[in-house]
Amino acid sequence: MNPVGYAAIVLQVGTVVAGAPLLTGLMRQTRARLEGRAGAGVLQPWRDVRKLLRKEPITPVGTGPAFRWAPLVLVATSLVLAVLVPLISTESPVRGRADLIVVVALLALGTVALALAGLDTGTAFGGMGASREMTIAALVEPTILMAVFALSIPAGSTNLPVIVAGAADEPARLTSPAGLLAIAALSVAVLAETGRLPVDNPSTHLELTMVHEAMVLEYAGPDLALVEFGAQLRLTVLLGLLASLFAPWGIATSASSLAAVLLALLLVVLKVAVLGTVLAAAEVFWAKLRLFRVPELLAGSFLLALLAVTASYFLGGEGGQ
Amino acid sequence: MSLIPAALATATALGVAGAPAGLVLPQRVRGWVVGVLTAGVGVAGGTAGVAALGGSGWSAEVPGLLPLAGTYLAVDALSGLFMAVAGAVVAAVAVYGIGYVTGHGSHGSHGLGSRGAQAVLPLFALSLLLVPAAASVSTFLLLWELMALTSLLLVLAEHRARPAVRQAGVWYAVMTHLGLVLLLAGLMVYAAQAGGETFAALRAGTTGISPTMRGLVFVLTAVAFTSKAGLVPLHAWLPRAHPEAPSVVSALMSAAMVNLGIYGLVRVGSDLLGGGPAWWWLLVMAMGGLSAVYGILQAAMASDLKRLLAYSTSENMGLVVLGVGAAGLFAHVGNEALAGLALAAALLHVVNHAAFKALLFGAAGSVLRATGERNLDLLGGLRARMPFTAGLFAVGALGAVALPPGNGFISEWLLLQSMIHGLEVPGVTTAIVLPLAVAVIALSAGLAAAVFVKALGVGFFAQPRGEQAAAAKESPLLMLVGMGLLAALCAALALVPGLLGEGLDRTVAAAGHTGTRPVAGGGLRVRLEEVSATLSPLWVLAALVVALGAVMGTVGWATRRRQRRTQARLWDCGGGAPTPRMAYTATSFAEPLQRVFDDMLAPEQDVDVTPVRESAYLVERVEFRNRVPDRIEHRLYQPVLDLLAAAGQSARRLAGGSVHTYLGYGFVGLITLLVVLVVGW
């Protein structure tokens, strides 16, 4: 077996786990500075986790196993994603298993678990959040899969490391119309999937606008820590996935040198930090869309993905073959 | 080699013995005897199917059994797959049925326990197993009609209890016989053109038939078969008959009978006719895609649990037919490898759908039996009262949402792989059709997640919203055992789908795509030979379990000083404890989706506000009605029904009651006939 590959996996998971709250902290800090506030500092999410873990675990009356297990399932799916997505090396021991459709399905599994937990509370908030979240998820899934389709055409496979390695070898794929359209579509889908503006507001506590927050309203203490940590992991992994797919430069494509892996790690941290900062800065200027305008946004991104597929077929002659 | 005839003979003997047993035995033992015999039919038929999947074939000819035509039977891998599926479903559902009929604490009257229904049930089970074994047009049609009639009688089992059953029965009877007429016409034309009515003669004679006639045969039979599979636009019987039938029958119909529509489509389209031009398959794909999206949208709007499941059947069969159509398309352009893959994906989805849908209908039947309620808006809170049923429903729902580690994910993944790699096939048709097909699959998968979150979350979780749900009790043991068998089947299909690989290869070869080995890999993973793709479902599950363990361990370590969980009140905004009336219902859960797909669904909403007499500003009563009618049914069937009714009404004028007039009709008729004869000669 290949020790560098295993080292890459361990480094990747460790960095994602340690860095996910920091990314959220960075984004909040960016936002605070742009709004003229001092901000709580980049480390604040980690402090929150520590604080929440010290509180006593609480089960609301009338909730069942779905409520109890959902945070664990959410974090577990996100951790599996953190293993599967090739952030720093395409020659990892799990490369044969990192199918892009599996990745999309695991994301959806986390969403479904949390939606069931929302319904399990039996409150209006929980049901409202679950209903809205599933509506959005139902519309996001086609977009993501179409973008996957568009990306897999030049690579001839839905295997993530193959796609990423192919794009790293042949950067022309990314600047082709198909590649650009797929980037746009997937970016919108990622915003929706991670519950960012303009689809959902992660810092809202107003009934009429909540989606994700309404669903997890009943969580407290360690459970809440898990829910928040899971959401942070998802955001980090998805931004990392975007970075790997559309800016694969620096990813280690051979399994030989530890130095390449370390360089890739540094680069991916940088790329995700830049993406996060840009997203946070953009969020300052965006307003949240009305819930019933969100489908229009998603339909638009679906159209972009469909165009990407069609373009990669009809214009595929130069770039792909 | 002798296993298949022996097993089929056993199944036939048990099934035929079950009918008089159901008629004459006293109520006390009837359920047991008929249940055991039916389970035997399933086991024997399933054994024959598995043997055929294992590579053995069998054919026989019994000239004397049917006058004029004789009986022809043949079992190959394609028949074997459908027999194995039907056998497994029949066996598990029969065990469930024993508990359903004989167990304690039933709700309302059960038509299924009556003499008539118990006599018909084994025959229905037998017909499900024998239809794929038929090898001539007359044998096939006879068994097909036996299946239609027995299922019709079973749908009507509870007609005394609810008037809606009778209406559903009429719809089912009319539509299934319209299908039969089409099938009869199509196969008769085919047999006449091919010069023989055995399947072997049809297969041999197909090359000599003109393309127009072949097209006609295909369209007629495809419409008939897709109607049996519950595809749009001839689906209207399905969402009526499935909810109104007893749940045992719904499970058999939805998990075994609709499959035979797919069997017929593959048998006639791919095997006997040997494939055809692109427009055949585009037509089939269009029907499949439309059914998938329309079915799941209607399921998303449904508040009736069994209606929701019925529409989900329509969706899944749509996906299967999409795969069958893609296979035909790939074969037409000469890419047998992709054709084999697409067909294998479609057939695997048939198997997976049968397993989870039988389980889901079983669980829905348990709920119905315990509460007498199908309306999700009035259910809820069942996970505390019926924990096993809720757990089993969750297993089935996991299969249905096509997410790992469920079994539906495997086949949808295969289907997506075949579509995605299909773009390598040159041609503008594929470049336009396949992205749309992927979009359809993805949209229906996304909506299916919403549908089953609704069914499980609103139906089983939270607090009961009705008295019936609050008083629910867990089902009898045998019902749980039957569902447990199906759940085990789902788990096996989800975790080691590779075990089916060899059988699927043989099935695909029997369907006419020879020389391909679409699905390889020994048990633990699915590896596609022709395209580079691998899936290891067991690895995904193991990774999830390890991650789950790691998270639990870390949290347990971090909170080691405060291990005891305490209960607390729900957040009530300071307004007093929330009541179940405040919880989201199935209707409210579906409301955002209804708005998003407003144009497609065209929901009807009425708000009646009755003001207090003294003032127009004070409201005494508000009445709100929301209905999502089946739009295709509304637009397509209503005009036809209206026309027929109008024709009937105007025909009444001809029958005035006067004998003189009737004699006059006879006289005029005779003269006309004579004139025609004279002129015609």
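**Entry 1: a salt bridge in chain A**

I began with A:Glu35, which at 37% relative accessibility counts as partly exposed, in what I note here is a predicted model. I then looked up its partner and found that the side chains of A:Glu35 and A:Arg31 meet in a salt bridge, at 3.2 Å from N to O. A:Arg31 also counts as partly exposed, at 23% relative accessibility.

**Entry 2: salt bridges within chain B**

I turned to B:Arg267 and B:Asp271, whose side chains meet in a salt bridge at 2.7 Å, N to O. Because they are 4 residues apart in helix α10 (residues 247-272) of chain B, the two are separated by about one helical turn. Buried or exposed, I asked of B:Arg267? B:Arg267 counts as buried at 5% relative accessibility, and B:Asp271 counts as buried at 11%.

I next checked B:Arg506 and B:Glu502, which form a salt bridge at 3.7 Å, N to O, and which both lie in helix α20 (residues 501-510) of chain B, 4 residues apart, about one turn of the helix. Here B:Arg506 is partly exposed with a relative accessible area of 29%, and B:Glu502 counts as partly exposed at 46%.

I also noted a network of salt bridges that links B:Glu158, B:Arg162, B:Glu244, B:Asp304 and B:Arg374. Over all chains, the count comes to 23 salt bridges.

**Entry 3: where the chains meet**

I looked up the interface and found 75 residues of chain A in contact with 75 residues of chain B. Between them the two chains bury about 6300 Å², of which 74% is on carbon and sulfur atoms. A:Arg97, A:Phe149 and A:Tyr313 supply 10% of the area that chain A buries against chain B, more than any other three residues.

**Entry 4: a buried serine**

Last, I looked at B:Ser366 in helix α13 (residues 336-371) of chain B, which is buried with a relative accessible area of 0%. Leaving out residues up to four places away in sequence, B:Ser366 touches B:Tyr96, B:Met386, B:Thr389, B:Ser475, B:Met479 and B:Met483.

How values were computed
Residues are numbered from 1 along each chain as its sequence is written. Chains are lettered from A and ligands numbered from 1 in the order in which they are written. This is a predicted model: local features need pLDDT of at least 70, side-chain atom pairs count only at pLDDT 80 or more; totals for chains, interfaces and linings use all residues. Side-chain values use heavy atoms; hydrogens and water are left out. Contact means heavy atoms within 4.5 Å. Buried area is the accessible area (1.4 Å probe) that two parts lose on being put together, summed over both. Buried means under 20% relative accessible area, exposed over 50%, partly exposed in between (1.4 Å probe, protein chains only). A salt bridge is a side-chain nitrogen of Lys or Arg within 4 Å of a carboxyl oxygen of Asp or Glu.
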